[in-house]
Amino acid sequence: MSLLLALLTAGGPLLLLSTGIMPDAWCDRRPATLRRLVTGAAHAALLSSIAAVAGFLILGPVDRSLGGIEIYLDALSAIMLLLVAGIGTVVIRYSRRYLDGDPGQGRFFRWLALTIGSVLVLVISGNLIQFTLAWMATSLSLHRLLLFYPERAGARQAAHKKFVISRLGDLCLAGAMLLIYGTFGSLHFGEIFADAELHARHVAEGLSPWSGGGLFWAALLLVFGAVLKSAQLPFHSWLPEVMETPTPVSALMHAGIINAGGFLIVRMSPVMVLSPTALNLLATIGAATALFGALAMLTQTSIKKSLAFSTVGQMGFMMLQCGLGAFSSAILHIVAHGLYKAHAFLSSGSIIDIAKASWVPTPRASRHPGELPLAFAAALAITWFTATLLDVTLAEEPGIVLLGAILQIALTYLLWNSLAGQIGLAQILRGLSLAILVGASYFSLQVAFAHLLQGTVTSIVPARGLFDWLLPVAVLVAFMGVLLMQVRFPGDAAGRLWQAAYVHVHNGFYVSTLANRLLQRFWPAPRHPQSP
């Protein structure tokens with residue numbers, strides 16, 4: 001039965017990869033044929049993934065070799081397998097109409113199948129060599145999709161920047177792989193995790209210190225590999241610029257591929273907890289990126305750019321969760337963000353029509369200054385009550401509680417906005433009901449994912465020092481500042497400081513401009529033959 005389960009797990013990725021072996025010339029001559037092949041392969045991959053996950057729930061994990069392919073199916077890979085296969089199928093179906101009539105649609109479907117197939121291989125990989133090869137193949141296939149319109153200068157510049165950053169990430173992952181092999185004597189996930197868990201328990205119980213000399217550098221390289229892959233500050237600037245690519249590519253990239261860095265950290269969590277310094281660095285970078293993305297998103301006038309900076313911020317949250325040891329929370333974040341962002345990009349063309357059709361209450365001429373503290377107190381009560389009800393505590397789950405506190409800030413804005421129009425009992429009850437539903441759903445899902453991933457991601461969290469408590473406090477204070485900015489801006493009441501900073505925030509503090517200049521100076525992009 002384990003052989004059948006391994007075949008079901010590997011069947012979907014192999015079907016998609018097999019449709020990408022045709023040359024570009026053949027693909028463009030027979031786009032309808034290739035489109036049908038890729039669509040059929042995507043549906044088959046989704047069905048085989050569902051069957052594989054069902055088999056996993058019945059038979060348990062699978063860890064075996066299948067014709068040179070190492071299959072590692074556990075709760076983590078099962079969740080990601082369903083997510084990637086589902087989003088990939090939706091994107092491919094959407095692309096059939098979106099690219100209809102485009103002369104390059106055959107080539108597009110070929111590279112789309114290769115990209116999705118590579119991501120699926122990555123999530124089911126059983127050793128670091130296969131994982132690293134799939135990691136690189138995903139990036140290289142995506143690069144061809146980003147250059148689908150190579151005559152566009154903006155597309156070439158953004159794709160070139162992403163290419164350089166991704167190659168640096170590849171080098172980090174390859175270096176980490178070599179150091180992990182030197183430390184554990186194996187590249188197989190099962191053997192690495194068992195050894196790492198044993199040493200982590202010994203350290204936690206004070207039985208013996210960890211003596212792996214190369215582990216710190218391996219963990220540090222894993223952190224930088226994840227940071228480079230998931231568009232963390234200051235390596236994020238390519239993400240808001242890759243808007244010349246077709247919308248389905250944006251949806252796939254923001255909903256799936258960008259999450260690979262977080263998946264890497266969670267997959268290697270038994271190794272990561274052996275290096276608290278690396279986790280602290282990851283948490284710091286994630287916190288800075290989350291705050292930066294949230295600020296930049298507020299100032300964007302382009303729907304797609306706003307979504308892109310939203311992704312930057314969300315990836316920062318995910319890395320912050322990983323750095324705090326809330327690995328199951330990070331996977332919930334990946335799933336929720338992937339589903340939301342895929343829908344957001346694929347429906348971005350209808351945003352204006354939806355906004356026109358929406359009813360917006362007429363705001364009151366003036367707001368009572370006590371409304372914001374009242375909304376904050378109500379949000380605090382809702383957050384505290386739902387966390388207590390589900391037995392989520394700060395001492396045991398600091399990452400979940402921190403994100404719950406940031407959720408409380410979002411609920412404060414939701415409740416404050418519900419009082420923007422003429423206040424009535426029905427409106428107040430509607431706002432409170434929605435806030436309670438959001439708070440209860442958040443903590444319920446966190447508990448559910450912690451249960452689902454129990455025994456898959458490490459449950460050992462390194463001892464916490466002063467830094468581990470100061471960082472969450474700093475993050476909360478910063479996001480309270482963002483809330484106050486949202487409340488006061490836009491409008492005549494906006495503070496002078498925020499008005500003066502608006503242009504700088506809108507331009508992402510010019511990180512992208514500096515990155516473009518450095519790249520042009522040291523590694524200029526090749527010119528397209530059609531460029532003047």
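**The interior of a predicted helical chain**

Helices α4 (75-98), α5, α6 (128-146) and α11 (260-267) each contribute at least two residues to the lining of the largest cavity. The space inside the largest cavity comes to about 120 Å³. Its lining consists of 16 residues, and those closest to the centre of the cavity are Val-119, Leu-122, Gly-256, Ile-257 and Ala-260. Sorted by class, the lining holds twelve nonpolar, three polar and one charged residues. In total, five cavities of 30 Å³ or more are counted.

The overall setting may now be described. The protein chain contains 22 helices and two strands. Of its 532 residues, 53% are buried. Among contacts with a separation of 6 or more, 82% are between residues 24 or more positions apart.

In soluble globular proteins, nonpolar side chains tend to be buried together. Here the largest nonpolar core has 124 residues, and the members that touch the most others are Leu-16, Met-268 and Met-272. The greatest contribution to this core comes from helix α5 (residues 105-124), which supplies 13 residues. Met-272 illustrates how such a member is surrounded: when neighbours within four places in sequence are set aside, Met-272 is in contact with Ala-219, Leu-222, Val-223, Ile-265, Ala-278 and Leu-279.

One of the partners of Met-272, Ile-265, is among the buried residues of α11. This helix is largely enclosed by the rest of the structure, because eight of its eight residues are buried. The buried residues are Ala-260, Gly-261, Gly-262, Phe-263, Leu-264, Ile-265, Val-266 and Arg-267.

What is the burial state of Arg-267, buried or exposed? Its relative accessibility is 3%, and Arg-267 therefore counts as buried, the cut-off being under 20%. The side chain of Arg-267 makes a polar contact with the side chain of Asp-74, at 2.9 Å. Residues up to four places away in sequence being left out, Arg-267 touches Tyr-72, Asp-74, Leu-76, Ser-77, Val-123, Phe-189 and Phe-193.

Most residues other than glycine have a negative phi, and most peptide bonds are trans. In the loop between α9 (215-229) and α10 (247-255) lies Pro-234, and a cis peptide bond joins Leu-233 to Pro-234, with omega about 5°. The loop between α9 and α10 also holds Ala-231. Although Ala-231 is not a glycine, its phi is positive, near 55°. Ala-231 has a relative accessible area of 0% and so is buried.

A further positive phi, of about 65°, occurs at Tyr-510, which is likewise not a glycine. Tyr-510 is located in the loop between α21 (496-506) and α22 (511-522). With a relative accessible area of 33%, Tyr-510 is partly exposed, whereas Ala-231 is buried.

Definitions and conventions. Residues are numbered from 1 along each chain as its sequence is written. This is a predicted model: local features need pLDDT of at least 70, side-chain atom pairs count only at pLDDT 80 or more; totals for chains, interfaces and linings use all residues. Side-chain values use heavy atoms; hydrogens and water are left out. A nonpolar core is a set of buried Ala, Val, Leu, Ile, Met, Phe, Trp, Tyr and Cys residues joined through side-chain atoms within 4.5 Å. Buried means under 20% relative accessible area, exposed over 50%, partly exposed in between (1.4 Å probe, protein chains only). Helices (H or I, at least four residues) and strands (E, at least two) are DSSP runs, numbered from the N terminus. Contact means heavy atoms within 4.5 Å. On a 1 Å grid over the protein atoms alone, a cavity is a set of points where a 1.4 Å probe fits but cannot get out, and a pocket is an open set with protein on both sides within 12 Å along at least five of seven lines; lining residues have an atom within 4 Å of a point. Grid points are joined across faces, edges and corners, and a volume is the space filled by probe spheres set on the points. Ala, Val, Leu, Ile, Met, Phe, Trp, Tyr, Cys and Pro count as nonpolar, Asp, Glu, Lys and Arg as charged, and the others, Gly among them, as polar. A polar contact is a pair of N or O atoms within 3.5 Å; within protein, one must be able to donate a hydrogen and the other to accept it, and residues adjacent in sequence count only if both atoms are side-chain atoms.
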